[in-house]
Structures are given as C-alpha cells and as structure tokens.
Amino acid sequence: MTEVADMPHDGGTRTPDRLRRLASRLLSGVTAQSDRLITEGLAQVDARKWHYAVLASLQEHGPGSQATLSRRTGIYRSDMVGVLNELAERELVERAPDPDDRRRNVITITTQGRRHLRRLDKVLDDLHDELLAPLTPAERDQFVRLLTRVLDHHTRQAPHPPTS
C-alpha cells in the first residue's frame, strides 16, 4: 500500500512540503514508528519497555528503592509497583527490606534478570537495526548523538528567570 506522503501531487493528497520539513513533525512520525516497532517486538518475547528500563537501571546503577528506580527510568511511582510485581513474579528482580529504613524495599536484579536483560539487549539491537535500516552505521551513530544533544538541551533544568 502506498503511503499518503508518497502519493503523486495530482490527487491533492500529498503531504505539503512545508510539513515534511518540520523537525517536530518528522520526530513525531519516527516516534510513532519506533513505539510501534519496539512495543510489538518486545511483546513477542513477553516483555515491555518498562521491564527493560528497570532491568537496565538495576544492572548499570545497582540496587535501588522504588522511588529511586522511578527517578532513574521516568516511570511514574504509581506504575512502578506494577512493573516490579511483574518482574518479581518472573524472578527477574528481588525485593528486600532496606536495612536503613524498614518501611521501604530495595530492588535488586537477579542472575535470571541479568540473562533476560542480555536477551532483551539483542532483541532491541535487532529492532533498532530495522528502525534505522535506511541509515549507514556512521549515520546511525550521528543520528543518536544529535538526538541525545537535542534531548539533553531540553531536559536540563532551566535557569530561574531573573527577578525584577
């Protein structure tokens, strides 16, 4: 099936060039494709993006509380409990009382969780190869560096406005 954006001008259905030049519109389109591809690809191995985020955080930064994991991954605290329940049921993480504060738990990745994370790394590598197929390896690296720079710029804490 032909995409609307690729249809000839004569039908009046081609996306206007000025829309095709908008970075925000292009990013939204790539985001939609990426989300669909990653969500469907991870579902094939009975995983979700949030599973990967939590396991990657635990592997890279070590054990943490639910609140710490929420800050590290961007998962809302209210959603984190469900994600951790799923991971704990699969024995990919362990919960243990925090020795410094018995009211909270410390979450740790298990050996099985590390193995699962390596499998998800491979799945995601393959999915990203599919997503970025039109780009050469050098272009992929450059694309990721540029996206990182733009995102880092917009996620830094903005300075406080001057007081009058």
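Trainee: What makes arginine 104 count as partly exposed?

Mentor: Its relative accessibility is 40%. Buried needs a value under 20% and exposed one over 50%, so arginine 104 lands in between and is called partly exposed. Keep in mind that this is a predicted model.

Trainee: And aspartate 98, is that one buried or exposed, and how do you know?

Mentor: Aspartate 98 has 5% relative accessibility. The limit for buried is under 20%, so aspartate 98 counts as buried.

Trainee: Why are the side chains of arginine 104 and aspartate 98 said to meet in a salt bridge?

Mentor: Set the distance against the cut-off. Their N to O distance is 2.6 Å, and a salt bridge asks for a Lys or Arg side-chain nitrogen within 4 Å of an Asp or Glu carboxyl oxygen.

Trainee: How many salt bridges does a search of the whole structure find?

Mentor: Nine. One of them is formed by aspartate 35 and lysine 49, with the closest N and O atoms 3.5 Å apart. That is still within 4 Å, so the pair qualifies.

Trainee: What does the pair of aspartate 35 and lysine 49 tie together?

Mentor: Aspartate 35 sits in helix α2 (residues 23-43) and lysine 49 in helix α3 (residues 49-61), so the bridge ties together parts that are 14 residues apart in sequence.

Trainee: Which residue forms a salt bridge with aspartate 46?

Mentor: Arginine 90 does, again with the closest N and O atoms 3.5 Å apart. Arginine 90 lies in the loop between α5 (77-89) and β1, while aspartate 46 lies in the loop between α2 and α3, so this pair ties together parts that are 44 residues apart in sequence. With a relative accessible area of 29%, arginine 90 is partly exposed.

Trainee: What makes the phi of aspartate 46 worth a remark?

Mentor: Its phi is near 55 degrees, a positive value in a residue other than glycine. Most residues other than glycine have a negative phi. Glutamate 91 gets the remark too, with a positive phi of about 60 degrees. You'll find glutamate 91 in the loop between α5 and β1.

Trainee: Why is glutamate 91 called exposed?

Mentor: Glutamate 91 has 53% relative accessibility. Exposed begins over 50%, so glutamate 91 gets that label.

Trainee: Let's go the other way. How do you know that histidine 51 is buried?

Mentor: Histidine 51, in helix α3, has a relative accessibility of 2%. That is under 20%, so it counts as buried. For the whole chain of 164 residues, buried ones make up 26%.

Trainee: What joins the side chains of histidine 51 and glutamate 86?

Mentor: A polar contact of 2.5 Å. The limit for that label is 3.5 Å between N or O atoms, with one able to donate a hydrogen and the other to accept it.

Trainee: How do you know that β1 and β2 pair?

Mentor: Count the bridges. Pairing needs at least two, and β1 (residues 93-98) and β2 (residues 101-109) have six, in the antiparallel sense. So they pass. Alanine 96, for instance, has valine 106 in β2 as its bridge partner, and valine 93 stands opposite isoleucine 109. A hairpin through two residues joins β1 to β2.

Trainee: One more label. What makes up the lining of the largest pocket?

Mentor: The lining divides into nine nonpolar residues, six polar and two charged. The pocket holds about 630 Å³ of space. Of its 17 lining residues, the closest to the centre are Ser34, His128, Leu147, Thr148 and Leu151. The elements giving two or more residues to the lining are α2, α6 (111-131) and α7 (137-155). Of these, α7 gives the most, with nine residues.

Note on methods
Residues numbered from 1 in each chain as written. Predicted model: local features only at pLDDT ≥ 70, side-chain atom pairs only at ≥ 80, totals over all residues. Heavy atoms only, no water. Helix = DSSP H or I, 4+ residues; strand = E, 2+ residues; numbered from the N terminus. Buried < 20%, exposed > 50% of the residue type's maximum accessible area, 1.4 Å probe, protein only. 1 Å grid on protein atoms, 1.4 Å probe; cavity = no way out; pocket = protein on both sides within 12 Å on 5 of 7 lines; lining within 4 Å. Points joined across faces, edges and corners; volume = space filled by probe spheres on them. Nonpolar A, V, L, I, M, F, W, Y, C, P; charged D, E, K, R; others polar.
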